[in-house]
Structure formats: structure tokens, C-alpha cells
Amino acid sequence: MPEIRQNEKISHRIEGPFFIIQLINPDNLNALEGEDYIYLGELLELADKNSDVYFTILQSSGRFFSSGADFKGIAKAQEDNGAKYASETSKWLSNFVARNVYVTDVFIKHSKVLVCCLNGPAIGLSAALVALCDIVYSMNDKVYLLYPFANLGLVTEGGTAISLPLKFGANTTYERLMFNKPFNYDIMTKSGFISKNFNMPSSNTEAFNAELLKELKGKVEGLYLPSCLGMKKLLKSNHIGSFNEINSMEVNESLKYWVDGEPLRRFSQLGSKQRKHRL
Ligand SMILES: CCCCCCC/C=C/C(=O)SCCNC(=O)CCNC(=O)[C@H](O)C(C)(C)COP(=O)(O)OP(=O)(O)OC[C@H]1O[C@@H](n2cnc3c(N)ncnc32)[C@H](O)[C@@H]1OP(=O)(O)O
């Protein structure tokens, strides 16, 4: 396996045909900074290049899958006023556009079957990545996906302008996004987004991850795994063009909001607990 640097919030390992990526920072609910999202993208690229790998598995730890972009990381980017940026546009092209478009692109074009072990809620960009997975299993009915773009002065990102209507229906997507409401367990099961609920207590994510991996190992026994990748390629071909187009449109639309500063004001309120998401 090619070398990759370590990251204290994300681990990875290979077991047979499975490339397992785990978020391991439960204390801040697995929030990720820009560099962490890039690392996640690099791990996916590593899985993509490994011909022994057929499934990329996303696991997490603790009570949340991931609470999205780390507001401390956003504050750091805001303070990044070094001479290296000629303008606010230049700053946010680097801190937001380039990073966001990269991680989304890596998920969109990933050739291995992406499986999400949803142990708890996912928010923001992390929830967008969950919606780009091919198969999702849930630990229990406490899971939800929240895209709080309207509360944070942002617009859809991570391909959600396509993935959410595709997976949950257009009107449900409008209603949830416009009024900043979570896509809860009922919506996720009714739409077929969740393939199986393991009904395990929230306190036991490690047991859920282990049980799910055991089940997956059983499911792939005797299969001709290149067929799975061939089918993924064909299934993906239905929408890949639209995803590529929307990835670029989303970040370019968002850029104005970052330059104007509204998301920064709102992220800062979130960090100081003056702003909350209604759940
Ligand atoms: C690649 C480009 C990168 C830039 C992308 C920018 C675009 C934005 C993308 C997004 O992802 S938008 C979504 C951002 N995330 C959020 O809005 C969620 C913020 N968190 C919350 O609303 C709440 O924490 C919660 C998730 C609803 C949970 O509430 P609860 O009351 O159950 O727990 P808390 O006490 O609030 O949290 C525990 C602990 O974790 C810390 N924490 C939670 N979320 C974040 C976060 N996003 N960033 C940093 N830290 C987070 C929280 O501060 C607590 O820590 P302590 O106070 O105990 O130290």
C-alpha cells in the first residue's frame, strides 16, 4: 500500500476486500477541519488505487457519525489574513472552494462500493458525504441527517442539490432544506436510504461496527467481486455527469456567501453557543 501520513482524527485499515476508514474523534462529535476532509479524500483515493479492495467502508465512533465542519477550523481560516491572499475571494477559493470541490469529487468518482455504517447523526458536509454512499446501514433509529445551510448562511454543497432529491424526493428535500429540518430515521427508511437498522444502543458503536463488518464478510462470500465494481460503474453512469456539474455550481454559488461573511458570523455564533440548530 502506498505511504500516507497519519491523522489523529481518522484511522484506516484493510481487511480482505474491505478498506475501512474510521472517524475516531468522538469528543467533538467527529467534526472535521478542512485538512481532515482532504485526508479523507486521500484515503478514498488510496482505496481506489488498490486492486485488492472492492468495498470502502466508512465507520465512526461515539454518539455522532460526524457533526460536520469544525467551527474552530472555520475560525482559523477566517483569521488567515496573511499577505498570501490578495483578496477575500482568493482566501475563500483556497479555504473553501478548492477543498470542498476536491473531497466531493473524490466521493463522486470513487470506483469501489461505498458503505456507510451510520452510528448516529451526521451534519453538513459530512452528511453530504453520507448521501454519496452507495449503501447505508444504521445503528438504531436515533440517526438523522441535517443540512443546516439555511441556518449557516450557506447553500447546498457536497452534491446535495442532486443527491437529496434523488434519494429522498424533490419536495421532501425542499421542505427539509428550506426550514432547516433534519432528514430523520422515518424519512430515511421510507425512501429506502437505510438498507438495515441494527437496533443497537447508542453507547455501543464499536459493537455495531464489528457486527456490521462480520455481516458484510458473510454477504460477499462466494461473489465474483469484479462484477460488483462493474455494476457500480454502470449504476453510477446514470448521474455522474449531473454530479460533476453540480459540484462546480455549488462551490461557485457558495463563494459569494463566504466572501460576504455571513457564514463566518453564523459559525462563530454556533461556536459560542449563541446559535443552535432546531432538531
Ligand atoms: C472541506 C471544506 C471545509 C469547509 C466546509 C465549510 C462548509 C460547511 C460545512 C458543514 O459541515 S456545515 C455544518 C457544521 N456543523 C454544525 O453546524 C454542527 C454544530 N454542532 C451542533 O450544532 C451541536 O454540537 C450538535 C451537533 C447539535 C450536538 O449538540 P449536543 O448538545 O448534543 O452536543 P454539544 O455539547 O453541542 O457538542 C459536544 C462537543 O462537541 C463539540 N462540537 C460539536 N460540533 C462541533 C463542530 N461542528 N465543530 C467543532 N466542535 C464541535 C462541541 O463544541 C462540544 O465540545 P465541548 O464544548 O464539550 O468542548
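Me: Let's start with pockets. How much space lies in the largest pocket?
Reply: About 1,000 Å³. Keep in mind the model is predicted.

Me: Noted. Which residues are the closest to its centre?
Reply: Ser67, Ala69, Asp70, Phe71 and Phe267, out of 44 residues that line the largest pocket.

Me: And which helices supply at least two residues each to that lining?
Reply: α1 (34–49), α2, α3 (88–109), α4 (124–131), α5 (149–152) and α12 each do.

Me: How does the lining of the largest pocket divide by class?
Reply: You get 23 nonpolar, nine polar and 12 charged residues there.

Me: OK, α2 and α12 then. At what angle do they pack?
Reply: Helix α2 (residues 71–79) and helix α12 (residues 262–271) pack at about 135 degrees, and their axes are 9 Å apart. That angle is why α2 counts as oblique to α12.

Me: Is the crossing of α2 and α12 left-handed or right-handed?
Reply: Left-handed.

Me: Which residues make the contact?
Reply: From α2 it's Phe71, Ile74 and Gln78, and from α12 it's Leu264, Phe267, Leu270 and Gly271. By class, the contact of α2 with α12 has five nonpolar, two polar and no charged residues. Phe71 and Phe267 from this contact are also among the residues closest to the centre of the largest pocket.

Me: Switching over: what about the second largest pocket, how much space lies in there?
Reply: About 650 Å³. It has 26 lining residues, and Cys133, Asp134, Lys232, Leu235 and Lys236 lie nearest its centre.

Me: Which element gives the largest share of that lining?
Reply: α10, with five residues. Other elements that supply at least two each include α3, β4 (113–118), β6 (135–138) and α11 (240–260).

Me: How many charged residues are in the lining of the second largest pocket?
Reply: Five, alongside 19 nonpolar and two polar.

Me: Last topic, cavities. How many are there of 30 Å³ or more?
Reply: The count comes to one, and about 70 Å³ of space lies in the largest cavity.

Me: What lines the largest cavity?
Reply: Leu23, Leu32, Tyr37, Leu40, Leu58, Gln59, Phe65, Phe107, Ser126 and Leu129. α1, β3 (55–59) and α4 each supply at least two residues of the cavity lining.

Me: And how does that lining split by class?
Reply: Eight nonpolar, two polar and no charged residues.

Methods: Residues numbered from 1 in each chain as written. Predicted model: local features only at pLDDT ≥ 70, side-chain atom pairs only at ≥ 80, totals over all residues. Heavy atoms only, no water. Axes fitted to C-alpha atoms, helices over the stretch in contact; angles between N-to-C directions. Helix = DSSP H or I, 4+ residues; strand = E, 2+ residues; numbered from the N terminus. Parallel < 35°, antiparallel > 145°, perpendicular 65-115°, else oblique. Left-handed = near helix turned anticlockwise from the far one by under 90°. Contact = heavy atoms within 4.5 Å. Nonpolar A, V, L, I, M, F, W, Y, C, P; charged D, E, K, R; others polar. 1 Å grid on protein atoms, 1.4 Å probe; cavity = no way out; pocket = protein on both sides within 12 Å on 5 of 7 lines; lining within 4 Å. Points joined across faces, edges and corners; volume = space filled by probe spheres on them.
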